[in-house]
Amino acid sequence: MRVFHLSAECYPVAKVGGLADVVGALPKYQVGAGLRAAVAMPYYDRKFTREHEFDIVFQGLTLLGARRLYFEILKERNNTLGFELFLVKIPGLIDRTEVYCYPDETEQFIAYQIAFLDWINWSGQTPDIIHCHDHHSGLVPFLLQHSNAYKRLGKVPVVFTIHNGQYHGAFSWEKLHYLPEIDLTKTGLLDWAGGLNPLAAAVKCCAQYTTVSPSYLHELTINSNGLEYLFYIERHKGTGILNGIDTDVWNPAADSMIASKYTAARLAQGKQKNKEALCSKFQLSSTLPLVAFIGRLVHEKGADMLGDAFEQSLKMHNGRLNILVLGAGDKDSEEALTQLKVKYPEHYAVFIGYDEALAHLIYAGADFLLMPSRVEPCGLNQLYSLRYGTMPVVRSTGGLKDTVKDFGEEGGYGIRFEKVAVEDICYSIDRAMVVYENMPQLQKLRKIMMALDFSWDRSAKEYINLYERIISVS
Ligand SMILES: Nc1ncnc2c1ncn2[C@@H]1O[C@H](COP(=O)(O)OP(=O)(O)O[C@H]2O[C@H](CO)[C@@H](O)[C@H](O)[C@H]2O)[C@@H](O)[C@H]1O
């Protein structure tokens, strides 16, 4: 079965968040299961692209409105990632360093989708499935069905995965002319609330959509930044498939980014060595409990509450608790979290920025990983922390609810809280402090965490079953 994954991110080519982790892993596991899975993503001028060899497999000219665009499809020569990697390069438009936030982002993502479809069409390929991830490739199912340009491919089914339903990629109707010739009687499929909405169009036009956890499938009908009714109406097309983790990348027994590798059998010593390395980097004492946060500092992740919650907890557990933050995002949260360092220089540290290796060391060296998310479609951080024997402290939402069981319940191993509130975060940190004081109990819980299996094998099979079901009825 020939499958193309379309995504703006793919680890290690270009990563901003969890989308990259999923698209860098799922195709590899699908190839392992016998599929011919490939990723086709925009080209970025980054370390990975500079350090690997690429062949130009296709060159073409396409139109974006009145603009004629020359594009190339590059293929990574050695399939280094375990699957075929194709990059869509358009000089002057899709050849930059950052993944998001350019003023002409709408034009970039439309051109990426058109160039991909032109390539597939003109090169005579007919994939069995096109698997689009998030709104950046959300116009593909509409274009396949309702653009004259791609009539030959009109029956190729599209699976659309929603990693984050808060972002829709919406733009104004004035930009409609960027699309190739479409059936104008079908423009309603592109519309939501008076704008052209790629996420909504994808949900309407795809064969099936998936969410990255079962709970999030339902939550989208309650909270999806204005698309709640659409998700309610289209719910018969939705399936929740929990993300997995790439155990080649996230494995404490083989992780070259941590200070000391360890297995469950060497858990206590292994974690302590990593904690010492981590604490010495930030001049924190390695004998105190260490609560960490890793992530984008945005409202969805509860980043706006962290400053107050950490201040209250550090005050309450004066001199008995350490806290470490790794993240970047909203300026107010960055500022509040940076200021805290002045008040608690010995017990608090923060790194504002993105650092993959530091994230690995934190998963290995911290005792607790806090995720007070308002919205969490799946969440990978809690899965990584479980794999490294670090207790997740999470708000009960989305994938966090599906993967973290409170240690107060039978068979539980984490800490869960219900409300989006500073008080609930502080209370959960209090509970973590109590767990830490009972080290034999914490060690037992850590063993349970490390034995859990959230690898991609199971989820990759679920996607394949879904593809097969779709193909059998199409
Ligand atoms: N400053 C920093 N430095 C280093 N590493 C950092 C970092 N900030 C974040 N990361 C890393 O980025 C990834 C974050 O992944 P998540 O899945 O938790 O969130 P994200 O919101 O990006 O993804 C969305 O898509 C994923 C994938 O489907 C869903 O799990 C999730 O719920 C959804 O919001 C992790 O690998 C984490 O270690």
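Residues are numbered from 1 along each chain as its sequence is written. Because the model is predicted, local features need pLDDT of at least 70 and side-chain atom pairs count only at pLDDT 80 or more, while totals for chains, interfaces and linings use all residues.

Residues 2–228 are 26% helix and 25% strand, with end C-alpha atoms 33 Å apart. For residues 281–415 the figures are 38% helix and 23% strand, and the end C-alpha atoms lie 27 Å apart. Helices (H or I, at least four residues) and strands (E, at least two) are DSSP runs, numbered from the N terminus.

Strands of a sheet pair through backbone hydrogen bonds, either parallel or antiparallel. Here, two strands pair if DSSP finds at least two bridges between them. Strand β10 (residues 208–211) pairs with β11 in the parallel sense over 3 bridges, and Thr211 has Gly240 of β11 as its bridge partner. Contact itself requires that the C-beta atoms of two residues, placed from the backbone, lie within 7 Å.

A further open sheet has 6 strands in the order β14-β13-β12-β15-β16-β17, with parallel pairing. Its edge strands, β14 (348–352) and β17 (415–417), each pair on one side only. The twist from one strand to the next averages 15 degrees. Strand β12 (residues 290–297) runs parallel to strand β15 (residues 368–371), joined by 2 bridges, and Ala292 stands opposite Leu369 in β15. Helix α14 packs on this sheet and touches β12, β15, β16 (391–395) and β17; its direction makes about 160 degrees with that of β17.

Now to the helix pairs. Helix α9 (residues 303–316) packs against helix α14 (residues 422–437) at an angle of about 45 degrees, their axes 9 Å apart. The angle therefore makes α9 oblique to α14 (under 35 degrees counts as roughly parallel, over 145 as roughly antiparallel, 65 to 115 as roughly perpendicular and the rest as oblique). Met305, Asp308, Ala309, Gln312 and Ser313 of α9 make the contact with Val422, Ile425, Cys426 and Ile429 of α14. These contact residues divide into 6 nonpolar, 2 polar and 1 charged (Ala, Val, Leu, Ile, Met, Phe, Trp, Tyr, Cys and Pro count as nonpolar, Asp, Glu, Lys and Arg as charged, and the others, Gly among them, as polar).

Helix α8 (residues 267–281) and helix α11 (residues 356–365) pack at about 130 degrees, with axes 8 Å apart, so α8 is oblique to α11.

How values were computed. Axes fitted to C-alpha atoms, helices over the stretch in contact; angles between N-to-C directions.
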